[in-house]
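Please consult the sequence and the model shown below.

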Amino acid sequence: MEAVSETDVQFWMAKAVNWVEATSCSALLDTSRHLGSLRSFLQQVLQGLQQMSSTSEAMKTFPFVGQFLGRLCWNPCVIADERSQRLLLQCLSCLYSAEPMNAVEQKANMWIKNMFCHLISEEEGSVAHATVKHAGLTPKRYHSEALQKLVSLMTEEVIKSCDGLPNTSRCSNGNIHAMSTACAALVTCPQMSPLIGALLKHSMLCGSSCLNQEFIKEVSEALISKMLVLEDEAVVNLWCYSPTCLEGAAVSFLESVLSDHETVTQSLDKHVHDSLLPQASADHCHIFLTVNEIYRSVLTEIDENLAVRALIQVFTVCFLQRRTGQKPQDRLPLRSFFPHVMPSLLTPLLTAPSEVPREAWLDHLSWIRSLLQSVTENEEAGEDVRAYQAVFEAWFLLVQCGYWVDTAVELLVLAAPENAEPLLWLLTFFHHPTNRGHQRSQQTAVAREAWTHLRMLFLTRPPPPRHLSAVKELLSSSLSANLVLHLFSNFTVFSHGPVSIITEITDKVLTEAAVKRRALWILASIRCRLNSATMRDDRVHSRLRTLQDALLQT
């Protein structure tokens, strides 16, 4: 190992003395700014101590080490950093003698025990306890409050620099940059949250890019890993300040939904709401456009993924609910959020089913179908790239407003044959937007066939076995599986047969684990739509929960 240089020793000893106990803002700034380098030096000292055969040898080789470690153990800024504290504990452990050979090692052991008590406990009788007993504080609380007081002073300074903005001439950008640099190493300390929030607010009000980029990166990573909690306003300010942080948050949330199997069994709309993305999107159009573009890209790659579709739908619902709650003068027009879609599609699709009388659902869905069909006719007329793009944008909006597709499928459960065609067309377009090789007409025929079998299976007692087999065969088709599963799931929820028979049919039809997982996502989407309904049907909610539990148990 490379020896610890005398120059480094002198530098760090001088720093430890000058910092005293970080009792001023300037000392805190300087300590925080040097934490990364300090950790490297402590790591170097630790490697040297690990090669010593005894405490006596270590103290002879590193005569500075006791005083140096002792001063750092009383620096609240150093102790607040978990990695630095861990290195201090490791260095102290290396100095401890399991079998002290002389008085020096015995005395060193007593001192090390007191440092351990100071760092990791509040044990009565420790040196730390005696030192702060007169203040009526435990060591842990003493250091926490010392750091908190310094952070409070710095926060006040940032807030004052924002007074009177947008008069940006009052901002001390150099000082703000220095503070954000100091915070970078300590963003996971709970005491730092007010200062981080004030710095992010300053960045929004001032309109200048004066924050340290390492600070922005550390805050973003700490938020994603849930090691930092900030007020909602501060998080949104971060996203407005840094598009990269916004993209990271949106992608991380998408990945968490897809990888966390419990999400599908819990309230997906609550999960989406807690992400803060819908609220931020309603208040800031550019955030919505960024998040939407991420979802659009993912959907293009894995368009058959039902979890992604459910997430996009629920995100859109939460966004629209937040926008509805805004004051009319604060609302941007919908066209600003959906710039690529035909304006005629926005009103019918972005109007929630709960805002339309139930008896008017069929007419509303027929209206949507006629609008979408006119878009697809232009695509079928030629090879114009713009026509294909228009179809994609219309389809993506339908995915975002998937609650109307769910409504169509719910109506199909009890629909008369003469009313089924526009509903089946919508379902088909939702799952098969392209028409290569006349695929759409073929899939509409599959949808019609599946619907016929499912009506016989769920509305006839006892369920005819041949229809059971026919549905299982249609589900085995890789091309039509999701379409048929969408129909099947809605029949299980909205048909009027006894729940015991419905569960029995489900057990016989859905036998593969992968199909059950996809069915759970469809049920989650149905539940989110029902949660936003004006009237609650307890029978349907109860059946939905029973079906989810049955699929999970098997």
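Is the crossing of α28 and α30 right-handed or left-handed? The crossing is right-handed, a term for a near helix turned clockwise from the far one by less than a right angle, with anticlockwise giving left-handed.

## Basis of the report

The structure is a predicted model, in which local features need pLDDT of at least 70 and side-chain atom pairs count only at pLDDT 80 or more, whereas totals for chains, interfaces and linings use all residues. Residues are numbered from 1 along each chain as its sequence is written, and side-chain values use heavy atoms, with hydrogens and water left out.

## The chain as a whole

The chain contains 31 helices and 0 strands; helices (H or I, at least four residues) and strands (E, at least two) are DSSP runs, numbered from the N terminus. Of its 554 residues, 52% are buried, where buried means under 20% relative accessible area, exposed over 50%, and partly exposed in between (1.4 Å probe, protein chains only).

Among contacts (heavy atoms within 4.5 Å) between residues at least 6 apart in sequence, 71% join residues at least 24 apart.

## Packing of α28 and α30

Two packed helices are described by the angle between their axes and the distance between the axes. Helix α28 (residues 481-494) packs against helix α30 (residues 513-531) at an angle of about 55 degrees, and their axes are 10 Å apart. That angle makes α28 oblique to α30. Axes here are lines fitted to C-alpha atoms, for helices over the stretch in contact, and angles run from 0 to 180 degrees between N-to-C directions. Angles under 35 degrees count as roughly parallel, over 145 as roughly antiparallel, 65 to 115 as roughly perpendicular and the rest as oblique.

On the α28 side, the contacting residues include Leu485, Val493 and Phe494, and on the α30 side they include Ile522, Leu523 and Ile526. By class, this contact has 10 nonpolar, 4 polar and 2 charged residues. Ala, Val, Leu, Ile, Met, Phe, Trp, Tyr, Cys and Pro count as nonpolar, Asp, Glu, Lys and Arg as charged, and the others, Gly among them, as polar.

Gln213, Ile216, Val219, Ser220 and Leu223 of α13 meet Val235, Leu238 and Tyr241 of α14, a contact of 6 nonpolar, 2 polar and no charged residues.

Lys226 lies in the loop between α13 and α14. Its phi is near 60 degrees, a positive value in a residue other than glycine. At 74% relative accessibility, Lys226 counts as exposed.

## Other local features

Leu276, in the loop between α16 (268-274) and α17 (277-283), also has a positive phi, about 75 degrees, although it is not a glycine. Leu276 is buried, with a relative accessible area of 11%. The peptide bond from Arg461 to Pro462 is cis, with omega near -5 degrees, and Pro462 lies in the loop between α26 (439-459) and α27 (465-475).

Ile502 belongs to helix α29 (residues 499-509) and is buried at 0% relative accessibility. Leaving aside neighbours within four places in sequence, Ile502 contacts Phe458, Arg461, Thr492, Ser495, Gly497, Arg543 and Leu547.
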